Amino acid sequence: RLRAIDRARAGREIERRGSRLVFREQFRRYLSRQYPGWDIAELSTEPNLEESLSPAYPRAFLKRGACGWAAIGAPPGAAPGALTFGLVWLDYLRKRERRTAVEGLAIFLAEDEARATCLRLAWLNKNMARYAVFIYSEQGYEQRVDPTDFGNLDTRLEACATRARVTDAAVESLIERLCELPYVERRLRPDGQVSLRVRGLEFARTTRAGLTFGLRQRARLTERNLGEALDLARELARMRSAKAVDRSNPLYRLRPEGWLESEIRRDLQRIDATLLPEPVYGQVPPMTGGERGVLDLLAADCTGRLAVIEIKASEDIQLPLQALDYWMRVKMHAERGEFAACGYFPGIELRRDPPRLLLVAPSLAFHPKTETVLRFLAPSIEVERIGLGVE
C-alpha cells in the first residue's frame, strides 16, 4: 500500500501509525507462539467507526476448524481500554462469523499493567465467554497468566468528615455571605474542607491558610475582595445557565459532569424514587489513577442498600467498566461493614448486599456499545441505565 502524506502537517500521525504497525507485528508473533496450530484469519489495526473498533488496539481472529477466538493487544500504556474494545470485538465476530463458534477473548497486556483488567474479569459472566490473559515484557517474551492470581483490590476507606474544619469565625462569615446567593452550593469534602460551587464548578474552597477563591488562579478571600468573589459567582451563574445564549463559552462547557451532578443532587429522587436525598457522597472510597472522566456518587435507598451512581455528560465507551471499577470497591467495603464504622450514612442501618449500579447520562449521550458491554457483566451486578432529558 502506498500512502501520500504531507509531512509538514502529519508528522505525529506518521509516528503514531508507525508505532501501531510495529506493535501489530509484535502482536502477530505473540499469537503465533501462544496459539500454534491456529490460523490467524484476520489481524488489523484499521479503524472501524461503525463498530467502534479502535486503531489503537490491534485485533485478531483466530480460527481452527469450526472454533474461533477473538484476540486483542494493548500497547504499553493502553491497558485500561483493552477489555472494553476486546468485548466489542468479540461481540462483532460472533455476529459476523455465523459458522464459527467464537469461544472467547484473549487479551495481551504489558506485564506491569495487567492487574486492573484481571480484577475486572472476575466480574464478567463466565457463561458468556472464556477469557485468557497474556502478559508481555520489554524483552519480547510473553506468557499466559491466571487472572485470579492478582491479589485483592487496592482500596482504603477513610473516616468520614461529619463537620467542616472551619474554626475561624471570619472565614465562616465569608462562607455564609457567599451562600446567600441562591445558586451557590456548599459541599463538604471528605477531608473536612468546604467547597463552594456554582452548578458544579468550584470557585472557592477552604484550606489550612483560610478561604481562597478563583478559577485558574486562587487568591485569599477577605472582606476587602468579597465583592470580587460575589461578582465571580454571579457571572458563573449567568454563564452556566440553561437559558445561556452563548453555549460555546468555556465557562458554560467547563466540567459538564459537575453540572450534571449538581442537578442530580438537587433532586435525587427524580433519578430513583427509592433513594434517600441525603446524605450523598462524592467518590467514597477515592479512586486512584488520574482523571477517570466520570463522576461517582454514593447514596443509600430507603431499605439501607447502597447505590453507586456513575455520571457521564458525554458519550464514553468506557463507562460500564469504569463504573465496575468503583462498584467493586464499594461492594468490598459494604460487605465488611466499613461504611458505618467509618461514620458514613449516620442513623441509617446499611445492608451488606452488593450495591446497585446506576449509570446516569443524557439519553442521547450513551455510547451505542454501552449495552453490548453491559451484557458481559455478571448477572449478580444489578445495573440500570438512566437516561436524562436534555433540558
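Student: Where is the place of Pro285?

Tutor: Pro285 is placed in the loop between strand 12 and strand 13, the latter spanning residues 295-300. Please note that the model is predicted.

Student: What is phi for Gln283, positive or negative?

Tutor: In general, most residues other than glycine have a negative phi. Gln283 has a positive phi of about 45°, although it is not a glycine. Gln283 is found in the loop between strand 12 and strand 13, and it is partly exposed, with a relative accessible area of 24%. Arg199 likewise has a positive phi, near 45°, and is a residue other than glycine. Arg199 belongs to the loop between strand 8 and strand 9; its relative accessible area is 23%, and it is partly exposed.

Student: What is the order of the strands in the open sheet?

Tutor: The general idea is that strands of a sheet pair through backbone hydrogen bonds, either parallel or antiparallel. In this structure, the open sheet has 5 strands in the order 7-8-9-10-11, and their pairing is antiparallel. Strand 7 (184-188) and strand 11 (219-220) are at the edges; each has a single partner strand, so one side of each is left without a neighbour in the sheet.

Student: How many bridges join strand 7 and strand 8?

Tutor: Strand 7 pairs with strand 8, residues 194-198, in the antiparallel sense over 5 bridges. As one instance, Leu188 has Val194 of strand 8 as its bridge partner.

Student: Where is Gly192, and is this residue buried or exposed?

Tutor: Gly192 occupies the loop between strand 7 and strand 8. With a relative accessible area of 0%, Gly192 is buried. Leaving aside neighbours within four places in sequence, Gly192 is in contact with Ala161, Arg163, Ala164 and Arg165. The C-alpha atoms of Gly192 and Cys160 are separated by 8.3 Å, although these residues are 32 residues apart along the chain.

Student: Across which strands does helix 4 lie?

Tutor: Helix 4 (residues 169-179) lies across strand 7, strand 8, strand 9 (201-207) and strand 10 (210-213), and it runs at about 135° to strand 7.

Student: At what angle do the axes of helix 4 and helix 5 cross?

Tutor: Two packed helices are described by the angle between their axes and the distance between the axes. The axes of helix 4 and helix 5 (residues 226-239) cross at roughly 35° and come within 10 Å. The crossing is right-handed. Helix 4 contributes Leu174, Arg177 and Leu178 to the contact, and helix 5 contributes Leu226, Ala229 and Leu230. By class, this contact has 5 nonpolar, no polar and 1 charged residues.

Note on methods. Residues are numbered from 1 along each chain as its sequence is written. This is a predicted model: local features need pLDDT of at least 70, side-chain atom pairs count only at pLDDT 80 or more; totals for chains, interfaces and linings use all residues. Side-chain values use heavy atoms; hydrogens and water are left out. Two strands pair if DSSP finds at least two bridges between them. Helices (H or I, at least four residues) and strands (E, at least two) are DSSP runs, numbered from the N terminus. Contact means heavy atoms within 4.5 Å. Axes are lines fitted to C-alpha atoms, for helices over the stretch in contact, and angles run from 0 to 180 degrees between N-to-C directions. A crossing is left-handed if the near helix is turned anticlockwise from the far one by less than a right angle, and right-handed if clockwise. Ala, Val, Leu, Ile, Met, Phe, Trp, Tyr, Cys and Pro count as nonpolar, Asp, Glu, Lys and Arg as charged, and the others, Gly among them, as polar. Buried means under 20% relative accessible area, exposed over 50%, partly exposed in between (1.4 Å probe, protein chains only).
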